[in-house]
Amino acid sequence: MQEPAITSSQASRVTASGPGLHKVPVNRSTSFVIDQTRAVGGQVDVTITGPSAEIVPCHYSGNQPRLLVQYTPKEVGDYDIEVKLSGMQIFGSPFTSHAYDVSGVKLSIPRGKLGQQVVVPIDTSSAGSGSLEVEVRARGAEVASRLVQHAAGKHQLMFRPGTVDTHDIMVRYNNELTPGSPHQCIIMDAGQVPSRTGGLGAVPVGMPTTFWVDPGNIGSAKCDITVTSPSGLNVPCGFTGSRDKLVIQYTPEEVGSHSIAIMADGVSLPGSPFATNVYDPTRVTVDVPSYGRVGQEVTCTVMTTYAGEGDVEAEVSSGDGTTPCDVYRQGEDKFLVTFTPKSMSPHDVVVKFNGSLVPGNPFRCVVTFVDVSKVTVSGDGIEDVRPLPVGKPTSFFVNTDDAGVAMLQVDVTGPGFDDVEAAVSPQDDYHIVEYTPVDVGEHRIKITYDGKEIEGSPFKTWTYDVSKINVLLGGDKKAKLNEKMSFLVDTSHAGGGKLECIIRDPPTETQMMDRGLGRYLVSFLPVTPQPHGVTLSFNRVVVPGSPFKIQVVDARRATASGDGLQLAPINNEAVFVVDTARAGGASAKDIEARVTSPSRATVPCKVRDSGVGDFTCHFTPTEIGPHIIVVTVLRESIDGSPFTCQTFDLSKVKVGPIQDTTAGQEMSFWVQTAAVGKGAPTVEITCAGRSFPCHVKTPPGGTKHTCHFQPKVAGSHEAVVRFNGFEVEGSPFAFEVRPGQSYNTTIEVQSPTIYPQDDAVIPSRPKSLQMRPEHPPLGRRQSEPLSPTRFEPNSSNRFEPNSSNRFEPNSPTRQEPNSPRRPQPLSPRRSEPIAALYAARNPPAHTPTSPGAFTIPEPDYWRDQDIQPKEKIAAYGQGLKRAVEGKISEFVVDTTGHPRSSLEIQVFGPSTMIPCTVDRRGDKHYASYTPRQVGAYKIHAKYGGQEIDGSPFQVTVVNPKKVELLGDWRALMGNTNRLSLTVDEQFTFPFNVQDAGPGGVLDAVVQGPSREVRAKTVQKNNGRQYVTFIPKEEGEHVIQLRWLDFELPCSPIYGDARGYRSDPSKVVVSGSGIREAFVNEVAEFVVDGSDAGSGEPMCVLRGREEEVEVTLMPFPQKRDKYRALYCAEKQGSYRLHVTWDEAEVRGSPFKINVKKTIDVSRVRFSGITGAVLGSTIRATIDPRDAGAGGKDKSFYSKNILLG
């Protein structure tokens, strides 16, 4: 019988109790009791989980209703006890018990001092949860104490001893004595410990030293001695002695005051810590003059900064005996030793520190005579002949051979008055001075000998730093072939010197123009498309980075190829490749591809580096029609640019119904390409991996193409429809071909007997054989006359066609493996009767033996034959209509459906025949040629010796690059490289097209901001044509120019139309540069056209002998305001012409006087040799040689107070 289920109410009546549910010690068994008295039945389950989440084993004993549970905790922490009755929690479950370990209670008991509070730290953090109790007793009596908890598990016991007796400390944790209790604390009376010392004072570093201490009567107290250095480190020490005297030994390793602490049972001795001074005589520096003078005081300097505290002693002696000396203290660490030599003999100075000799003793001072006027200098480091490089050591010589022996002092000061370290190396009769300049600019060298400056001191030298030359090549470092390349070199921060430039690889002439303020404009004309190495040197030192590699690019040698230049479906990404390998190399940012749609909209085109030496251009056309693609490298058109890509819409190609048919029966369907775009469809029929031709007929000017196909075999077929080589939507189209009907053939034999022999029907008495089909032939053969065909046997008794019945074998029919050989089918010419000689290795079922008629099944190969009229050979491509001089032109000849034969193409130019190459790919022949001159060409194409339809083709060859814009193109475009147009004012482009070829009339399209502007072209004599248009609205205008559908290299041209003309009279020209300037100094003035209306300024500065270039720089964030700079190289009068939109501004031309640069060092001053306070001073100043010009001028001043 199954027990009744236990409810939660019944489980809650079960209780648990006992010490095992509360605080329990570790490693001791504990228990608790489960009482089921009030519950009925059920199974009890107990689960105990320790602090580390491990299950603790437990044991059950006793009988229901009281059950004893025992377990042993192994680690300190909380235990979860879960008690369930038949899976239901009992009352109070889960329970938590706390395991503790009294051995985890840690005490740190110090020595105490009588009358002073003793603090004992107690740590229970490792003992587990519990309560701490502490009791302090001395001589059996309890001592007042206080227990404070200042952190979890951290306690402090505090009490104040009243006697020197040992105090017992009893510690209980959870009412259990801790191991070691009672703990003892020793109490001392510090006031009873006198002390005396000896041996303390100044101690040399690194030397073992000792001192003693009389500690007095300290009984059996334990002594601790600590020696601490100035840096806080403990110095190892030892001690010996008795109760009367302690002797401490240690070896100091640091300079400074050392602290010596002595503790007796934790109590400091009176006077502790003791101090001692440690010094280091080796760190004393002594500066004794090398030379002295008889009767003149000599001062020696002694520095003890790093030697510690102490006193300095000195003695001076010579060959004549001891010389009196004095020692003076200056500050804490500086001492002066002075003496006066009495004779010309070496004097030795002996210095002691704290009684210890200073290393280097004795220090010698040579006493002699000196003549400073005999000191001379020489060398690159001091001669003001050429600048010195920064960062490189330089030197000079100081010759003191005839000047006597004395102290030489050299002080070098840089441009910022910073001292430059100079090393003086004395030799036998001269000194070598070496120093390294660190800053650009003037350096002053002060030289003193025997304390006096020599003649010429201070000397001046100039330094330069090639690393501070800034070469402004730009980020690209590219130049165009045959186009002047210029870059700026800034030496303004490099110091004075000469800049030189040379290009050796390849040898190229360079030009350099001084722009003033240390800036130079370097120019050269590259004539070869290869990297040019530009080497710059400053003061004959190569500038860092030289040679600078400048890539020279010839855009004409760059090529573009790919389907994206010819044909592309809309809404699909078109791609073409630009190859710049032969052009000198370029980066993606150097290449620009502009794609213009038929509506003159710009199609975005991205240029990407393929990583293999060329660049791919990606664009997605959205309009149908010709897209003009202009490809430029460094803003110059590449070979073949502009290109024309015909785009079309594959989604608009419609294919008529393609229905299932029967083998041998002709089928047809249509392909509609209206509104698709320029191009033609092609159809390919496939079945079981084989391809079959499909004939596509297009009516003249029509867009509905009819496709004809006669299946030869039964099975699943697919029609692959393409437009311009791209599959249309839905392609391939599937259809089924059913097996065709079988026919019989009747053969009449006019001979006694025939038998099969050697693959032919041979009569024994040859007469004749007739073969008449009982059905009309397939395909187009239905319309041909049907008549019996007679064969006469030849000498070998074989029946073959005679001269009136010629036949041509076609390709053999497909033959299955291991099948008897099929007969070779014969196809008659279209104009001849149908006949065939049937022969087989296997004899027919009936062998005729006499004249008469019998019937055999018609062979398969009859159904395989498709006699069609020949289609015209198609030739297409731009190369058959127009071409560009010097560029490859292509066209295609399609011979699909015609027997294989040879294709001959001849291209005749105006004066000679042009080579033409043909690349055959299947039935298509791709022809290419390169015309060498403009004019009319003829192309003859023959296939199988016969001219194809349309041959000869008339081709017009032009050269858009020879369409020449008359006049100054830069003047037309202005500084912004854009046309300045005015609304409602006619603008005219004059062109010379005489050498461009027979292109007819220039085609111009002008697109304004919102609509197209009508443009017209007027033809004049001598090949002149004028394109005119009138802007009708303000804003950007884009002008596209074509010659015979080929875009001109300059196209498109951008211009800005404004609604009014500027007023040059409102242009303000200001600045000192419009009045005067100085030779070889940059002058400046401002051209402000803010109130004059938009326009272009132009400045021309001419003198009698030269024309000076004026550089215009627009002010940032300020429209129509420019800063003008120029630098004249010759003195004289100049005229400055300033125009605004080609009209002179107010005040132009300005007269500018260029003067020589003023050199104030050449101003002569005279007349004052002395003065009396309060009197008038008269002086003469002559500036005629200073460059300012003018006459003598006198300066008078009264009552000049001299102070």
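You are looking at a predicted model, in which local features need pLDDT of at least 70, side-chain atom pairs count only at pLDDT 80 or more, and totals for chains, interfaces and linings use all residues. Residues are numbered from 1 along each chain as its sequence is written, and side-chain values use heavy atoms, with hydrogens and water left out.

### The whole chain

What secondary structure does the protein chain have? The tally is three helices and 122 strands. Both are DSSP runs numbered from the N terminus: helices (H or I) have at least four residues and strands (E) at least two. Of the 1203 residues, 40% count as buried. Buried means under 20% relative accessible area, exposed means over 50%, and partly exposed lies in between (1.4 Å probe, protein chains only). A contact means heavy atoms within 4.5 Å. Among contacts between residues at least 6 apart in sequence, 62% join residues at least 24 apart.

Now for a single sheet. Strands of a sheet pair through backbone hydrogen bonds, either parallel or antiparallel. Here, four strands form an open sheet in the order E41-E43-E47-E46, with antiparallel pairing. Strand E41 (376-378) and strand E46 (422-426) are the edge strands, each pairing on one side only. From one strand to the next, the twist averages 25°. Two strands pair if DSSP finds at least two bridges between them; E46 and strand E47 (residues 430-435) run antiparallel and are joined by five bridges. Ala422 stands opposite Tyr435 in E47.

### Cysteines and a buried serine

A disulfide is a covalent bond between the sulfur atoms of two cysteines. With the cut-off set at a pair of cysteine sulfur atoms within 2.5 Å, the count is zero disulfides.

| Residue | Relative accessible area | Class |
|---|---|---|
| Cys237 | 31% | partly exposed |
| Cys325 | 22% | partly exposed |
| Ser345 | 16% | buried |

Where is Ser345 found? Ser345 sits in the loop between strand E37 (334-339) and strand E38 (347-353). Leaving aside residues up to four places away in sequence, Ser345 touches Ser318, Gly319, Asp320, Cys365 and Val367.

Key:
Axes fitted to C-alpha atoms, helices over the stretch in contact; angles between N-to-C directions.
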